[in-house]
Amino acid sequence: MRPGQHLGASVITDNAARFGLIHPVRRRPTSLPSPAPPHALRHDRRPGRTTAGRPGSREHSTPRRLDVGIGAAQSHLDVVHPGHRRAGVPGARLTAAEPNHQRDTSLAHWPVGSASMQQLAIFDLDNTLVDRQGPLAAWISAFSEQQALTDLARTRLFDAMRDRASLGTFEVFCSEYELSPSAEALWLDYSDYMARSVRCPAGVLDGLSRLRGAGWKVAVATNGGTEIQTAKATASGIVDHVDAVCISEAVGARKPETMIFQKAAVACGADLALGGWMVGDGVDTDIRGGRAAGLHTIWISGGRPWTSDDARPDHVTTDVGQAIDLLLTTVG
């Protein structure tokens, strides 16, 4: 078996090939059916059953670990989802978490275009590489019509799910409005719909590949549940165009914590201490978090004005396609 070759629902990474380890990554079919209507709930699922895009646990449960035997020793590796290997482009390595050393996070010693700064680009997922708000609004609209929710209830549900959603979100909402579907059934339906509905534009996927072809290490760092974020990154095709996907629940750290940026860098064979770029739409999670981790930053504004006086991004672009072009033509 060669590194990167599929074995059922698994991908064998560089370290896996070396030590005979298998890193499970649930995959969706490359040809996906049209998203099912949000209200088409499935009531025959067994409690605790999980499939890609159908998490059966809370978004912030204890991070899963793989017990890995290397000779007579045992080590614990955090689950960091790698992209596929492609011809001429090394795949991501499955590596142990590195310590979060204290260091100078000032950007003054990394001038733009500095030859000392490595070509590392870390991207946010939701509302950066994929549009989350569009599918979210569509699911809430259909669900609200099915449940005959008032406009106020619909607005409250959207506000509660605007930035993130979990099983707990649905438990609170179902209890407050005495809805007949169980919170678990709603969470499963929502997760399935979102995973199959998000899209990454072909031009963005091509841009990610061009970055890697130009020598960049490319990672995704995203907050969220392992199952649903893995399903989004897989269904949208992103895993085929990056070196690693680092998910907060899997690694036990959330943006803006420095540790998740460090783990994303390590997962694609880079060293966070050598600098790089964080690209995302989140002011606190991506821009402040990226700067605190010692990274240059590009804010995806979506047409919004920058209103904060502190931690201004190095660059502002309307969308991620412009940010990729900037990395390729200006700062790389």
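Biologist: What covers the buried residues of helix 10?
Modeller: The cover includes helix 9 (258–267), strand 10 (277–280) and strand 11 (296–300), where cover is judged by contact, meaning heavy atoms within 4.5 Å. Helices (H or I, at least four residues) and strands (E, at least two) are DSSP runs, numbered from the N terminus. This is a predicted model, in which local features need pLDDT of at least 70 and side-chain atom pairs count only at pLDDT 80 or more, while totals for chains, interfaces and linings use all residues. Residues are numbered from 1 along each chain as its sequence is written, and side-chain values use heavy atoms, with hydrogens and water left out.

Biologist: Which residues of helix 10 are buried?
Modeller: In helix 10 (residues 283–292) they are Asp286, Ile287, Gly289 and Gly290. Buried means under 20% relative accessible area, exposed over 50% and partly exposed in between, with a 1.4 Å probe and protein chains only.

Biologist: What follows helix 10?
Modeller: Gly294, with a positive phi near 85°.

Biologist: Where is Trp306?
Modeller: Trp306 sits in the loop between strand 11 and strand 12. Its relative accessibility is 15%, so Trp306 counts as buried.

Biologist: And which residues is Trp306 in contact with?
Modeller: Leaving aside neighbours within four places in sequence, Trp306 is in contact with Val283, Ile287, Trp299, Ala311, Arg312 and Pro313. Ile287 is one of the buried residues of helix 10. The C-alpha atoms of Trp306 and Val283 are separated by 8.8 Å, and the two residues are 23 apart along the chain.

Biologist: What does the Trp306 side chain reach at 2.7 Å?
Modeller: The backbone oxygen of Ser308.

Biologist: You listed Ala311. What is its phi?
Modeller: Ala311 has a positive phi of about 50°, although it is not a glycine. Most residues other than glycine have a negative phi, and most peptide bonds are trans. Ala311 lies in the loop between strand 11 and strand 12 (315–317), and its relative accessibility of 22% makes it partly exposed.

Biologist: Now Asn127. What is its phi, and where is it?
Modeller: Phi of Asn127 is near 65°, again positive in a residue other than glycine. Asn127 is in the loop between strand 7 and helix 2. At 25% relative accessibility, Asn127 is partly exposed.

Biologist: Is Asp124 buried or exposed?
Modeller: Asp124 is buried, at a relative accessible area of 6%. Its place is in the loop between strand 7 (120–123) and helix 2 (133–147).

Biologist: Which side chain does Asp124 join in a polar contact?
Modeller: That of Thr128, at 2.9 Å. A polar contact is a pair of N or O atoms within 3.5 Å; within protein, one must be able to donate a hydrogen and the other to accept it, and residues adjacent in sequence count only if both atoms are side-chain atoms. Not counting residues up to four places away in sequence, Asp124 also touches several others, including Lys255, Gly280 and Asp286.

Biologist: What kind of peptide bond joins Lys255 and Pro256?
Modeller: A cis one, with omega about 15°. Pro256 lies in the loop between helix 8 (248–251) and helix 9.

Biologist: On to helix packing. How do the axes of helix 2 and helix 5 cross?
Modeller: The axes of helix 2 and helix 5 (residues 183–197) come within 10 Å and cross at roughly 140°. Axes are lines fitted to C-alpha atoms, for helices over the stretch in contact, and angles run from 0 to 180 degrees between N-to-C directions. Helix 2 and helix 5 are therefore oblique to each other: angles under 35 degrees count as roughly parallel, over 145 as roughly antiparallel, 65 to 115 as roughly perpendicular and the rest as oblique.

Biologist: And how do the axes of helix 5 and helix 7 cross?
Modeller: The axes of helix 5 and helix 7 (residues 226–235) come within 8 Å and cross at roughly 25°. That makes helix 5 roughly parallel to helix 7.

Biologist: Which residues meet there?
Modeller: Tyr190, Ser191, Met194 and Ala195 in helix 5 meet Ile228, Ala231, Lys232 and Ala235 in helix 7.

Biologist: Last one. How many helices and strands does the protein have?
Modeller: Eleven helices and twelve strands. Buried residues make up 52% of its 332 residues.
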